[in-house]
Amino acid sequence: MQSFADQCLYMAQTILGHNIDSIASDGSISPVEGENSRNDEPGHAALALGEYFRATGQSALNDVDIVDLSARCITAQVFNEEHLENGLAYSALGLLSFGPSKDRNQVWERLLEPTREELDRKLLERSDYVDHYQAFNIAKAVTRYSLGLSKKDETGKLIDRFLERLTSQGTGGYLDDKPSSMGGFGGVFDIYGVMSFVFIRQALQLHANMHLRERKLPSLRTSAEKYIKLLPDMVRQDGLGWAYGTSIGAYGQMHLISLLLQALRDNWFSQDQIPLYSGILRRLFFYFFATYIDQEHGFLVIRDNQRNTIDRHTTRMANFDAARYLCQWSRLAKSLGDLPEFPEPAPKRASRLISFDRSQKKEHCLFIYKEPNSGLALQLPLVGKGNDAATPSLAFPHCPGIFDHPAQTYLPIMVPELTFGEHVTVPSFYGKRCTTGLGLRQSVFFRYEQPELITVGEKMVNGLGSCKVNWTFAGTKITCEFLYQVRQQFQLDRFRYMLAIAGPHQHYQLPTTFTLGAEGLRAQVVKDDFQAVWGETEDVTEDPAYRTVQGNVYYLQTLQRDHPLIMRPGQQYRLSLEFEPDIAFAGE
């Protein structure tokens, strides 16, 4: 993997070269035009510079002293008035990247005494987190002990606590990034679980006590492998990885690439598994490289006139994180040496139900379907939405380029939205009796029930009625059915069901990137007891609110009923649609 290592390092140098000028003399980061800076950006920049030093051993980049830049960024992060656990953890690992002890750490020597004292104090401060922020606690503990700021090492205890909560907060052993103990609905099983393992493993690699690292790796492996085993069915033929939930897009690709490279370095795969996961790794990287890197100018593009992402991800922060990951990939690839080129295994049909959590109250899961002839690959999540817009977590088949959704704006994409007064409900976020199996004519189905309706804000509406959902997949033909059972008479004020017609980025794409052909989704309403009608197709090509993390949404199609309907107890109301999308490729 030497050429891969060199390519990653070259891209990292180019991205850093475009962004180090944004670091001011006080360590703050100036934003790109049209964006605002985040207060944790100095920490991200410090870790990117630290990883560059680890990858090259060089203390200068483009005649700029990165040791001095790192000291400035760490100082800015440490003295930030807002308590930012993530920025502090990133800056702590950035400092540790320059040396395992403060006596031989060039950046520590540049820090003024007030900065050292404040850093010591803030590394000692710790809140008990039940989400991915616990990974930041672990990084702080690693730094404090490794630099000799504390004789007591809390790293092992914090890792054990993190792993224990994976099973206490969900029966599947995956990370619930916003469990109900935080005051919400819970069940947020998204890409932050992968990010947590990558960050913890990176912190352990910098730990001064290698014996602790060796003791904790088997436990981390047991849990991290749950995510790794999803990837053969999850990653598409064109290389797109995690497709639902918050923080997908460029970050989703980077987290998965890092997880696989760390696993390869740690010898987690048997010899017969290496060809499979090496092929997945190549596809993930090629998709990331072609989709998010401006190869002409050399920087990461997460937001432009055709794509968007969540507000928490600024362009500066994403570029520093990309440089950090690329440096890390270069180091890991060099440690692996030359891996032989393996032929890609023939794609196989797959349908799989992954249970994240199964309790008496509710269930959370993910249904994955892959059809090898067309390459169609779907991820249908039944998970909580967390704090961001609901659309990325709605229970419909996520398949960018075919079934798309805006990155930031809520729309009831491929799910019926029923409004009763102040309650806006969608059949998503949780289920009961989630099952999958074989249907007629080699089809597969995914079914679940909702005993109580739930709002877009994840609030249960007790007593109104229930909903049963059935998705059927046969080749590229998809059928969805939503059956509502009413318990008491009430007035339905509004009904909506929406489709987004989108496409990949017109410039940043692979020839094999999926898109819709001329015939589109070929949607057909089979049964509609709500008596809704298709509205006029809405052109949103120029509206920045309707951009995906990959490309632009061009049109919205809405099946709607905008006048009241009295829903009567004891009656069933059914909505059923069929789709057979015209699947094409961007290079055609």
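**Salt bridges and an open sheet**

R165 and D128 form a salt bridge in which the closest N and O atoms are 2.6 Å apart. The pair links distant parts of the chain, since R165 lies in helix α8 (residues 155-168) and D128 in the loop between α6 (113-124) and α7 (134-146), 37 residues apart. The model is a predicted one, and a search of the whole structure finds 31 salt bridges.

- D128, at 46% relative accessibility, counts as partly exposed.

**Further salt bridges**
- R221 and E225 meet through their side chains in a salt bridge of 2.9 Å, N to O; because they are 4 residues apart in helix α10 (residues 210-228), about one helical turn separates them.
- R221 is partly exposed, with a relative accessible area of 29%.
- R236 forms a salt bridge with D238, with 2.8 Å between the closest N and O atoms, and both R236 and D238 are buried.

**The open sheet**
- An open sheet is formed by 6 strands with antiparallel pairing, in the order β10-β11-β14-β15-β24-β19.
- β10 (432-438) and β19 (524-528) stand at the edges and each have a single partner strand, so one side of each is left without a neighbour in the sheet.
- From one strand to the next, the twist averages 10°.
- β19 runs antiparallel to β24 (residues 572-579) and is joined to that strand by 4 bridges, with K527 standing opposite S576 in β24.

Note on methods. Residues numbered from 1 in each chain as written. Predicted model: local features only at pLDDT ≥ 70, side-chain atom pairs only at ≥ 80, totals over all residues. Heavy atoms only, no water. Pairing = 2+ DSSP bridges. Helix = DSSP H or I, 4+ residues; strand = E, 2+ residues; numbered from the N terminus. Axes fitted to C-alpha atoms, helices over the stretch in contact; angles between N-to-C directions. Salt bridge = Lys/Arg side-chain N within 4 Å of Asp/Glu carboxyl O. Buried < 20%, exposed > 50% of the residue type's maximum accessible area, 1.4 Å probe, protein only.
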